[in-house]
Amino acid sequence: MTTAEILDWIAVILLLLGALLSFAAGVGLVRFPDLLSRLHTAAKPQILGLVLISVGLGLRLFPDSRIGILFLVVLFQILTVPVASHIAGRVAYRTGRIRRDLIGVDELEEQLDRH
Amino acid sequence: MTYLWIVIGVLLGLASLFSMARLLLGPTILDRALAVDVLLASAITGIGAYAAFHRDPTVLPILLVLALLGFVSSVSVSRFVARRQRGIDESERVEL
């Protein structure tokens, strides 16, 4: 086995793990009961899945100089996905689109009551 | 190794199908926006897998565009929901 083949195998296994995370997010979207738990499962392929895919793709394309774009993709995704998820969760909480009976501890409500 | 590529494709197809099921069922508009986000993540993964399979770096800018578009779409949907809810609250207050 040459070095290139070993790199290819590592790349394929990383891509497989990224695809598995996407699949898990799809299953979680269908199975989980409310928006907050779906937010939890939807974040997995958006960050970790994308990092795995980018590393796998970078290993596959290694000598090419254009793989620098992959760093930009991961950087933008890491900067933007938490903001988008936070806004979606906050709007869902404030407009009552969540299931209160599924929340064990609601620290935000205590904070809101204090003011 | 060919089997692993097929498995990757099947997993991504199933993930997209499940996201589309939530897109159709989703009780609120926020659920649908989240389903679109996951669909977009599956699309990014799929395009990445395509580029890795063919060793084709020309599709990499598409990944960049998709990564930025997902943020814009989900934030605009959330802001729209928040503003509409505020409008409903104010109209109820006027009636009372």
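This is a predicted model: local features need pLDDT of at least 70, side-chain atom pairs count only at pLDDT 80 or more; totals for chains, interfaces and linings use all residues.
1. Residues are numbered from 1 along each chain as its sequence is written, and chains are lettered from A in the order in which they are written. Local features need pLDDT of at least 70 and side-chain atom pairs count only at pLDDT 80 or more, while totals for chains, interfaces and linings use all residues.

2. Between the chains, 43 residues of chain A are in contact with 43 residues of chain B (contact means that the C-beta atoms, placed from the backbone, lie within 7 Å). On the side of chain A that touches chain B, two or more residues come from each of α1 (3-31), α2 (35-60) and α3 (68-94), and α1(A) gives the most, with 14 residues (helices are DSSP runs of H or I, at least four residues, numbered from the N terminus).

3. That side of chain A divides into 29 nonpolar, 9 polar and 5 charged residues (Ala, Val, Leu, Ile, Met, Phe, Trp, Tyr, Cys and Pro count as nonpolar, Asp, Glu, Lys and Arg as charged, and the others, Gly among them, as polar).

4. α1(A) and α1 (residues 2-25) of chain B pack at an angle of about 20°, with their axes 8 Å apart (axes are lines fitted to C-alpha atoms over the stretch in contact, and angles run from 0 to 180 degrees between N-to-C directions). The two helices are therefore roughly parallel, a term for angles under 35 degrees.

5. The contact of α1(A) with α1(B) includes Leu16(A) and Phe23(A) on one helix and Leu11(B) and Phe18(B) on the other, and its residues divide into 19 nonpolar, 3 polar and 1 charged.

Key:
Two residues are in contact if their C-beta atoms, placed from the backbone, lie within 7 Å. Angles under 35 degrees count as roughly parallel, over 145 as roughly antiparallel, 65 to 115 as roughly perpendicular and the rest as oblique.
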